[in-house]
Amino acid sequence: MLREGRTTAVQVAEGAVIYNPDSTAVRLDAGRTLRAIDGDALLAVGNISPASVAGWKDGRLIYDGQTMAEVAADLARWSGQPVRVDPRVAEQRFPRRAESG
């Protein structure tokens with residue numbers, strides 16, 4: 001779970017997480033994500049490769065459809081250095097990974 005400003009982000013690598021800030025509980029199983037903004041009743045729920053959630057433990061950062069702004073914020077947190085993204089591409093999505101198998 002990541003809490004930054006008014007935003008809460010959850011990514012589940014294994015098992016399940018119950019997100020319940022008020023009275024409505026949302027169950028997130030492995031491979032699911034949630035993004036919530038304080039004061040906004042709408043939750044953004046999506047999918048993620050469970051392997052990519054903990055990639056940072058092995059020195060890997062894996063992106064799959066996140067915005068460039070999200071990638072820049074993640075890199076700044078991970079490196080401890082400021083990372084900025086050009087506003088013209090901030091909402092552009094990082095390319096989705098091809099499914100293997």
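This is a predicted model: local features need pLDDT of at least 70, side-chain atom pairs count only at pLDDT 80 or more; totals for chains, interfaces and linings use all residues.
This is a short walk through the structure above, from the whole chain down to one residue.

Residues are numbered from 1 along each chain as its sequence is written, and side-chain values use heavy atoms, leaving out hydrogens and water.

Let's start with the overall plan. The chain has two helices and six strands; here helices (H or I, at least four residues) and strands (E, at least two) are DSSP runs numbered from the N terminus. Among contacts (heavy atoms within 4.5 Å) with a separation of 6 or more, 35% link residues 24 or more positions apart.

Now for the sheet. Four strands form an open sheet in the order β1-β2-β5-β6, with antiparallel pairing; two strands pair if DSSP finds at least two bridges between them. At the edges sit β1 (2-4) and β6 (44-47), each of which pairs on one side only. From one strand to the next, the twist averages 15°, with axes taken as lines fitted to C-alpha atoms and angles running from 0 to 180 degrees between N-to-C directions.

Strand β2 (residues 7-11) pairs with β5 (residues 32-37) in the antiparallel sense over five bridges, and Val10 has Leu34 in β5 as its bridge partner. The pairing of β5 with β6 is also antiparallel and spans four bridges, with Arg32 standing opposite Asn47 in β6. These two strands form a hairpin with six residues between them, and Gly39 in the turn has a positive phi of about 85°.

Finally, zoom in on Thr33, which lies in strand β5. Is Thr33 buried or exposed? Thr33 is buried, since its relative accessible area is 17%. Leaving aside residues up to four places away in sequence, Thr33 touches Val10, Gln11, Leu28, Ala44, Val45, Gly46, Asn47 and Ile48.

Terms used. Buried means under 20% relative accessible area, exposed over 50%, partly exposed in between (1.4 Å probe, protein chains only).
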